[in-house]
Amino acid sequence: MPKQLVIEPEHMRRKGEIKFASIPVHSYDRAFSEERAARGDAALKNILRHMMIVREFETMLGTFKATGAYRDIPFTYKGPAHLSIGQEGAAVGAALALAPNDHIFGSHRSHGEFIAKSLAAIDQLDPASLEAIMAEHEDGRLRDGTAAHIGGEGKALAENFMLFGLLSEIFMRSNGFNGGMGGSMHAFFPPFGAYPNNAIVGGSAGIATGAALRKKLARENGICVANAGDGSTGCGPVWEAMNFASMAQFNALWDESRKGGLPVLFFFSNNFYAMGGQTIGETMGWERLSRIGAAINADSMHAETIDGTNPLAVADAVARKKALLLEGRGPALLDVECYRSAGHSTTDANVYRSRDELKAWEAFDPIVRFQTQLVEDGVMTEGDVLEMREIVGRTIEAVTRAAVDPEAAPIVNVEGDPTLIGKLMFTHNDIAPPSSPVPLIKQPEDVAAFRQLKRKSRFGLDADGNILSGMRAITLRDGLTESILHHMTLDESLVAYGEECREWGGAFGVYRGLSEILPYHRLFNSPISEAAIVATAVGHALEGGRSLVELMYGDFIGRAGDEIFNQMAKWHAMSGGMLNVPVVLRCSVGSKYGAQHSQDWSSLIAHIPGLKVIYPATPYDAKGLMASALSSNDPVVFFESQRLYDTVEKFQPEGVPEDYYRIPIGEPDIKRSGNDLTILTIGPSLYPALAAAEALDKSAGLSVEVIDARSLVPFNYDKVLESVKKTGFLLIVSEASERGSFAMTLSSNVSRFAFGDLKAAPRVLGSPNWIVPGAEMESTYFPQVADIIDVVTGEFFPEKKTPAQGSRNWDARDLARMAL
Amino acid sequence: MTSTPLLMPQLGNEITEAEVTEWLKQPGDTVEKDELVVIITTTKMSMELEAPAAGKLGEILVPEGELAEVGAALTMIESR
């Protein structure tokens, strides 16, 4: 919504037609002699060798799955084997055109891409760099293990190191590249430019796009490649990523220093089958995958269909696309046709394709074709080819022998250390307080919104104890703004985006004023693409940046489900701790807007291992916890209640400090002391609980302690247990639907941890298990003061019972029977 | 000669007051109807207010940085 971009009715209403940039199909026609002259015979032989290594490696995996032995090595491989046999030309061809600082992000079928990219990087890196990479990884242990059990010198050692690290990872051994935490579908090794493969179809599209965003922001050389299959073009998040990478603002609004589309290549290995669904003619509308480029932008994404069975054609296309991307003309799309001659997995019976079709494609096996060409043109003799295959076979055999040997490739010792995997879930470390001023358009003191903050009272009550309005005292919104302002102005690696984040200041004004001081490349409006917002934030973080992104409503978490649950939450652990995911995902929790805009889904997020979860209720806590979230090297989901944005500080008598401070994540806070009953609240339930505590004090003489959870994950139970030891009663109040909620987890754990101190079972008061009604009926849904009083006097202190005031006169057991 | 007040608008159910952030016009300036006169700020957003009539801007009744209640006159537009 920038004002300088005007939507002119005259222009929009003019008659015309849309023309599309044409999309070449199989345009490669360079003579082999020309390639030979340009590349030299050694390079051509290496292309064949690399394809053979990929083929033999995957053949080994397939053979293990099918027969339990490879050559004379018996082994039961339990994991997946999604083989790319027949697709080696695509992987090796692409790698030829990429440098070590070009980063590929793969799919579940990406062993070949990993191997090809790494082999190409090993070819290109000088011996000292290779040695440094091997010496640095796990303090040289994998290199030493490779030397001892497989051998090799120089580049041969580096190749064996790479194959051994990968195969050990596939076998989930502790010496695998990712400590055995990634496996076949996720293995990666960043020093060779091989970034995570992804078991979710199309999962890398958004992540590679975010990594490309980081490359652009940090002005790093190189491109990012999103490797995916033809089937992924049916996935919404892939389209979101392609559009995100093409946003017009990169050219129309961003300043010269960062102008241009994102340097990301969407590389679709089109093997014509999405497992068993046939993309052409059955499951997709396109007859040529490359056609979809025309839907995204006026350049048709520079899309082309190319021959993936010819590595030279692939290398040619990737080199041309890379040049475009480095000129700021990205993104680009390649439809790389390469028939998968093996099954989707080893249980594939090929029921979806005919024998004739399989036979017809045999003539286009990339290895057979390439070696025939080399022999025909006299680059190699048939004897040379056989010898090369023999050597490759021996190498894979040696690597396999080492990888199945528990002495060379130790099994991950979970039995000896049962929380070993748990310890990999989080870094639990933070960056130092940011302190490097970054270039700004204006200084904060020159912006009205920030001057307004300076005029406000830091405490929310006046001298007589009256509550000040949000115009006169710092609000929860302001607390968030202050920490975000601090980090954005002192940490250039941090970028913020989401829907309406710039001029609007975020739908709820948390970024108000920031667009006046930050250039577009630090704060921008994203498309309404929740999946892309989160996936790119993850990619940006994996590539070394820090990300602050927003979902306008927590109810839109479903739109970014995979990206939050499988990407943001998992990559630190799945990388064996190699990668960090410093992403803060802000989610506002609505009210008054009914069933799809008012749900507290903090429990849903807390259920997913790998995410830290915060839900503050006061300005002081919001500011301090936002500072901690932005400092955390772990992914954080930060919930903000829309009802509380204008809330002023009522607890810290000194008010919300103007200076920067952090509040540790995971520490609940006692907001009111008492002796007879403990109420533990999550999010905005703090306020009805405090009002109920006041009322119970007056009406029933009960002294109620109120504890604000502040964080859900992690959660330090100590204060709650101490409180329960004193009171013996615990009521947990939350606005989440009760069934399966985090409040239930708290209740269950306190029952275990403090069983002897409890005078009654803890009670959870949440929202009922039905839709959030609109504003007029909301008080029948979210727990109210009267509901809290009814539970306390009705269940914990029957002697104080008064006629029920609230509306919850239902039988929870009956409701459960009725699916409620 | 008529005087038309420029009022602090109601910008949402729960908003009772807002800040006068920046006067874009000064007393004595001639303004067209719908010309931008003043920027106001609530807890959540900033907004430009337009002149309700053409004429000459009168005295500024709420200086920059001060709060005004919803419905309060911020200035008067004097028109012939």
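**Exercise 1.** Work out whether A:Lys321 is buried or exposed in this predicted model, and find its salt-bridge partner.

*Solution.* Start with accessibility: A:Lys321 has a relative value of 4%. Buried means under 20%, so A:Lys321 counts as buried. Next, look for the partner: the side chain of A:Lys321 forms a salt bridge with that of A:Glu304, at 2.8 Å from N to O. A:Glu304 is buried too, at 3%.

**Exercise 2.** Find the residue that forms a salt bridge with A:Asp102, and say where both partners sit.

*Solution.* The partner is A:Lys322, with the closest N and O atoms 2.7 Å apart. Now trace the chain: A:Asp102 is in the loop between α4 (88-96) and β3 (103-105), while A:Lys322 is in helix α14 (residues 311-326), 220 residues apart. Then check burial: A:Asp102 has a relative accessible area of 0%, and A:Lys322 has 15%. Both are under the 20% cut-off, so A:Asp102 is buried and so is A:Lys322.

**Exercise 3.** Describe the salt bridge between A:Glu482 and A:Arg458.

*Solution.* Begin with the distance, which is 2.7 Å from N to O. As for location, A:Glu482 is in helix α19 (residues 476-490), and A:Arg458 is in the loop between α18 (448-455) and α19, 24 residues away.

Conventions
Residues are numbered from 1 along each chain as its sequence is written. Chains are lettered from A and ligands numbered from 1 in the order in which they are written. This is a predicted model: local features need pLDDT of at least 70, side-chain atom pairs count only at pLDDT 80 or more; totals for chains, interfaces and linings use all residues. Side-chain values use heavy atoms; hydrogens and water are left out. A salt bridge is a side-chain nitrogen of Lys or Arg within 4 Å of a carboxyl oxygen of Asp or Glu. Helices (H or I, at least four residues) and strands (E, at least two) are DSSP runs, numbered from the N terminus. Buried means under 20% relative accessible area, exposed over 50%, partly exposed in between (1.4 Å probe, protein chains only).
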